[in-house]
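Dear colleague,

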Amino acid sequence: MKFVNPKDLAQPGVRLFCLPHAGSGAAGFYRWKRAAPVGIAVCPVMLPGREARLAEPVMLSVEEIVGAMMTELYGEMARPYAIFGHSMSALIAFEWARAIEREGLHGPQVLFVSGREAAQRELGHRELHRMEDEAMLRALEVKYGGDANQVLADAAMREVFLPIVRADLTVVETYKFVPGEKLKCPVRAFAGVEDKSVSDEGLAAWSEVTSGGFKSQRFVGDHFYHLGAAQGELLETIAAELRASSR
């Protein structure tokens with residue numbers, strides 16, 4: 001199984017590679033495929049160890065994930081594209097864009113980072129991936145929202161979901177920012193108005209990683225605003241940014 005469905009890659013329009021938040025998968029962006037404005041080809045990224053790739057081993061670092069995507073998608077950078085990464089995947093999206101530019105490939109038209117303070121800022125937690133299951137889920141519920149009771153009460157859900165969450169937290173909590181060249185592509189940073197995990201200062205700090213122009217914006221909703229009522233406005237904003245960057 002591949003990171004991106006070949007049928008999605010074959011769509012006309014600007015490809016929008018969409019990377020999921022911790023504990024989730026490509027399915028979270030299937031509604032985006034139906035709702036995306038004309039001219040945007042939503043390409044959800046499916047990470048190993050979940051959904052159709054459940055039998056594959058999970059990856060435990062940003063470096064491993066980015067390295068694997070660079071290998072598989074190396075030849076897909078010629079057509080116009082953009083990258084959207086939410087929460088955990090804001091880090092993956094950022095490091096992927098860095099790797100692309102280091103290789104001298106055609107960079108993303110825009111890098112969209114969402115639900116996460118800038119990569120160079122300290123995360124604020126490094127211990128969740130080592131906690132017992134219930135304590136880990138409760139801590140996540142407090143910081144990011146969600147329903148720990150629903151997961152804990154369902155044995156089948158626990159069996160599938162908890163290893164993915166723990167692996168993704170390992171990816172986030174072991175990440176170390178390494179200073180380097182600024183990105184050349186524009187960066188747009190988004191978050192929910194009610195997302196307490198992302199400060200205004202932390203969102204604005206994404207401006208420090210690019211020389212290609214920066215804007216930030218908050219939308220109605222919490223940490224998962226991008227899957228809720230703000231979805232339509234967010235997609236229209238992304239489309240407008242892509243149109244502006246292509247001029």
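Predicted model: local features only at pLDDT ≥ 70, side-chain atom pairs only at ≥ 80, totals over all residues.

Residues are numbered from 1 along each chain as its sequence is written, and side-chain values use heavy atoms, with hydrogens and water left out.

The structure holds 10 salt bridges, a salt bridge being a side-chain nitrogen of Lys or Arg within 4 Å of a carboxyl oxygen of Asp or Glu. One of them joins Arg-188 to Glu-241, with the closest N and O atoms 2.8 Å apart; Arg-188 lies in strand 5 and Glu-241 in helix 9, so the pair ties together parts 53 residues apart in sequence. (Helices, H or I of at least four residues, and strands, E of at least two, are DSSP runs numbered from the N terminus.) Glu-241 also bridges to Lys-215, at 3.5 Å between the closest N and O atoms, and Arg-188, Lys-215 and Glu-241 are thus linked in a network of salt bridges.

Helix 5 (residues 133-144) and helix 7 (residues 155-173) pack at an angle of about 65 degrees, with their axes 11 Å apart; axes are lines fitted to C-alpha atoms, for helices over the stretch in contact, and angles run from 0 to 180 degrees between N-to-C directions.
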